[in-house]
Amino acid sequence: MQYTEIRRAITPARLTAFDRAAQRRGAGHDDAIKLYEWNAELASALLLPMHLFEVVLRNAIHEALTLTYRERWPWDSRFLYSVPLKHGRYEPRKDVQQKASWYPTTGKVIPELQFVFWEQMLSRRYDVAIWNPLLTTVFPNVPTGAGTSAAARGLARDVGVVRGIRNRVAHHEPIFSQNITEVIDAIHRVSTYRSLDVGDWVKAAHRVILVQGQCPSWYV
């Protein structure tokens with residue numbers, strides 16, 4: 001394998017994590033390239049369950065928002081003023097207002113909102129207006145033994161886990177050292193909270209576990 005040419009094409013910076021992983025285990029340059037290839041395969045395999053997860057999640061939250069603020073919730077002033085101006089560097093209210101000014105229907109706005117918007121919709125600030133009355137309506141299988149608020153925070157944690165890996169996959173960053181089992185468990189949990197059948201569908205549809213088993217033997 002022409003490691004030098006591949007390294008130049010990929011860039012040394014992008015291969016550094018893979019080179020270091022190989023070196024720590026006494027493996028060579030060719031092994032680092034194999035790890036890079038497997039990392040890309042794993043990222044590719046994650047796209048399907050993450051796709052299904054995101055659509056299921058945002059449609060569930062859309063259902064709750066519609067029940068609370070009606071179908072055109074992105075234009076409802078009661079909803080807009082409940083959305084914070086800032087969340088770190090993200091500006092959720094601006095995100096909603098901007099997308100609502102660009103697109104004529106809620107169905108067009110939904111896929112354009114940033115993923116972090118949906119995670120933040122599960123925060124404590126929405127418990128009284130949305131989640132206390134509606135959490136088990138849109139997530140009928142979520143365990144609420146510790147209370148509705150705790151259940152919503154658990155959902156938010158799972159969404160955060162998926163968002164973290166989603167961002168790394170989107171930017172072609174290394175994920176080989178990430179806890180992929182934790183990510184898949186989070187995807188399965190939230191999908192199942194929405195519907196047992198949907199949970200089974202998501203679990204059967206992807207090949208992440210199969211690809212995990214193809215990890216280079218020297219790295220396991």
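Mentor: Let's start with a term we'll need: a residue is buried under 20% relative accessible area, exposed over 50%, and partly exposed in between, using a 1.4 Å probe and protein chains only. This is a predicted model, where local features need pLDDT of at least 70 and side-chain atom pairs count only at pLDDT 80 or more, while totals for chains, interfaces and linings use all residues. Residues are numbered from 1 along each chain as its sequence is written, and side-chain values use heavy atoms, leaving out hydrogens and water.

Now, a quick look at the whole. The chain has 12 helices and zero strands, where helices (H or I, at least four residues) and strands (E, at least two) are DSSP runs numbered from the N terminus. Its C-alpha trace spans about 60 × 35 × 25 Å along the principal axes, and 44% of its 220 residues are buried. Contact means heavy atoms within 4.5 Å. Among contacts in the chain with a separation of 6 or more, 67% join residues 24 or more positions apart.

The part I'd zoom in on is helix H9 (residues 148-170) and what it meets. H9 packs with helix H3 (residues 29-69) at an angle of about 135 degrees, and their axes are 11 Å apart. That makes H3 oblique to H9: under 35 degrees is roughly parallel, over 145 roughly antiparallel, 65 to 115 roughly perpendicular, and the rest oblique. The axes are lines fitted to C-alpha atoms, for helices over the stretch in contact, with angles from 0 to 180 degrees between N-to-C directions. The crossing of H3 and H9 is left-handed, meaning that the near helix is turned anticlockwise from the far one by less than a right angle (clockwise would be right-handed).

Who does the touching? On the H3 side, Ala43, Leu46, Leu47, Met50, Phe53, Glu54 and Leu57 meet Val159, Val162, Ile165, Arg166 and Val169 of H9. That contact divides into 10 nonpolar residues, no polar ones and two charged. Here Ala, Val, Leu, Ile, Met, Phe, Trp, Tyr, Cys and Pro are nonpolar, Asp, Glu, Lys and Arg charged, and the others, Gly among them, polar.

H9 has another residue worth a stop: aspartate 158 lies in this helix. At 8% relative accessibility, aspartate 158 counts as buried. Setting aside residues up to four places away in sequence, aspartate 158 touches Ala186, Arg189 and Val190.

Follow the chain past H9 and you reach histidine 172, in the loop between H9 and helix H10 (180-194). Histidine 172 is exposed, because its relative accessible area is 59%. Its backbone deserves a glance too. Most residues other than glycine have a negative phi. Histidine 172, though not a glycine, has a positive phi of about 60 degrees.

At 63% relative accessibility, arginine 70 counts as exposed.

With a relative accessible area of 43%, threonine 136 is partly exposed. Beyond its neighbours within four places in sequence, threonine 136 is in contact with Val142 and Thr144.
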